[in-house]
Amino acid sequence: MKPILQLYRGYANEAELIVMGHVFKRTYDYDFQKKNFKNATSIINQFRIKTLKNFDIYLKCGKQEIRTKTLDDGYFKFCIPLDEETSFGWMTYEVSIKEGTETITEKGSFIRPHKGKLGIISDIDDTFLISHTQNFFKKIYILLFKNVNDRKVFTDVVPHYQALSSAGRNNKEEENAFFYVSSSEWNLYRFIVKFTKIHDLPRAVILLKDIKRGITDFFMSGRGNHDHKFDKIKHVLEFYPNLKYVLLGDDSQHDPILYERICKIFPVTVKAVYIRQTGRHQKETTKTIMKNLENLDVSVCYYKNSSEAIMHSKSIGII
């Protein structure tokens, strides 16, 4: 059986390129059919993958071919200095693996943002994708039995995200850098990519949690420690220090606390924080955090409907 090479969207600044992916010994196609049990089988199969550790990987970068090896969970990441001046926007990169005499090559994409106004970092579940993360059984039911085509976005979230993507830009090629950062695992990457394409959400770098390799892990998907989200958001802000950031999340888990920590560490970098209200009432703890952020001169919006977030973005001049 041939190894399978899965690439993820990467990103670059003026000095460094970061691209990543996995090498699988065995994986399962995600079945996008609408049949309920087909979908459940497909989702569970995403957690039955087998990975290859210490496997040689080759990145083609300009005239160079750079080699590394996969980590214990089959994950690989190239962080390499950029010697040549690259252009801006989305570009392609090429990674290959060798199996005997055969070479398997895949192309991925990476973004180098234009020096401009905004970088946008958004959570996924219950921020734009309706997931019911507060209700464990409902969340699992929807994940298993609602096909990607049946999953829903919140009303008006797409025009808001599209407006943020093109804010301050004159043409479609110059979209702002978008990052989707989630506590979901890399197992769900293909689902997320497909979902965002179906709903015409901005193309984004997707940063997820370490891959899981067992069915029991499926039931813990998206749960546990959220520090990885904090670490990834902090890394993005350090990697692009000259962008101004908009952070979007929800009040169902830990986004307000994480975003408050980020704003305290980067006091001039975060321009606005948006938190979606997921329950019937606003949470007092979230309201307290939002007041504190306002005190740090961060513009905040604690909203139920995305139409409110759009009005707020217009009022502060970011769209």
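This is a predicted model: local features need pLDDT of at least 70, side-chain atom pairs count only at pLDDT 80 or more; totals for chains, interfaces and linings use all residues.
Let me start with K264 and E260, whose side chains meet in a salt bridge at 3.8 Å, N to O, where a salt bridge is a side-chain nitrogen of Lys or Arg within 4 Å of a carboxyl oxygen of Asp or Glu. The two residues are four apart in helix α7, residues 255-265, and are therefore separated by about one helical turn; helices here are DSSP runs of H or I with at least four residues, strands are runs of E with at least two, and both are numbered from the N terminus. E260 counts as buried, at 14% relative accessibility, and by buried I mean under 20% relative accessible area, with exposed over 50% and partly exposed in between, using a 1.4 Å probe and protein chains only.

Residues are numbered from 1 along each chain as its sequence is written, and side-chain values use heavy atoms, with hydrogens and water left out.

The structure holds ten salt bridges, and another of them joins the side chains of E284 and K287 at 3.2 Å, N to O. Both residues lie in helix α8, residues 284-295, three residues apart, or about one turn of the helix. E284 is exposed, with a relative accessible area of 53%, whereas K287 is partly exposed at 28%.

Salt bridges that share partners also join D56, R67 and K69 into one network. Within it, the side chains of D56 and R67 meet at 3.1 Å, N to O; because D56 lies in strand β5 (residues 56-61) and R67 in strand β6 (residues 64-69), this pair ties together parts that are eleven residues apart in sequence.

Finally, E175 sits in the loop between α3 (157-166) and β11 (177-185), and counts as buried at 16% relative accessibility. Its side chain makes a polar contact with the side chain of W90 at 3.0 Å, a polar contact being a pair of N or O atoms within 3.5 Å, where, within protein, one must be able to donate a hydrogen and the other to accept it, and residues adjacent in sequence count only if both atoms are side-chain atoms.
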